[in-house]
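This report describes the helices and the nonpolar core of one protein model. Please consult the sequence and structure shown here.

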Amino acid sequence: MARTTFPDDLLLTQIRVIQTYAALAQQPSTCGTTALRCQLIQGLRDLYAHPYWTEPGHSYAALVELRREARALAWVVAA
């Protein structure tokens with residue numbers, strides 16, 4: 001598969017979604033997770049509504065590649 005170049009804002013949005021998922025996973029289920037859940041929903045809205053996906057030729061494979069690239073960068077940012 002050819003490498004895809006993603007816009008910086010799209011990549012940052014995916015990183016924020018990954019970080020929010022991680023924060024939710026660390027929270028006890030009885031603790032107030034409403035703010036994190038709202039943040040996750042907003043992040044996913046921003047991710048899927050990004051103009052990048054309206055351009056022709058972008059498929060589910062591009063979304064998978066975006067997630068892979070963002071995961072790699074998220075670990076670098078977290079370290």
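Which exposed residues does the face of helix 2 turned away from its buried side carry?

## Basis of the model

This is a predicted model, in which local features need pLDDT of at least 70, side-chain atom pairs count only at pLDDT 80 or more, and totals for chains, interfaces and linings use all residues. Residues are numbered from 1 along each chain as its sequence is written, and side-chain values use heavy atoms, with hydrogens and water left out.

## Helix 2

The face turned away from the buried side carries Thr34, Ala35 and Arg45 as exposed residues (exposed: over 50% relative accessible area; buried: under 20%; partly exposed in between; 1.4 Å probe, protein chains only). Buried in helix 2 are Leu36, Leu40, Gly43 and Leu47. Viewed down the helix axis, these buried residues fall within an arc of 65 degrees, so they line one face of helix 2 (the arc is that of the directions from the axis to the C-beta atoms).

## Helix 1

Helix 1 covers residues 8–26 (helices are DSSP runs of H or I, at least four residues, numbered from the N terminus). Its buried residues include Thr13, Gln14 and Thr20. Glutamine 14 counts as buried because its relative accessibility is 4%. Beyond its neighbours within four places in sequence, glutamine 14 contacts Leu47, Leu66, Arg67 and Ala70 (contact: heavy atoms within 4.5 Å).

## Nonpolar core

The largest nonpolar core has 12 residues, among them Leu11, Leu47, Leu66 and Ala70 (a core is a set of buried Ala, Val, Leu, Ile, Met, Phe, Trp, Tyr and Cys residues joined through side-chain atoms within 4.5 Å). Helix 3 gives the most to this core, with 5 residues.

Terms used. Helix = DSSP H or I, 4+ residues; strand = E, 2+ residues; numbered from the N terminus.
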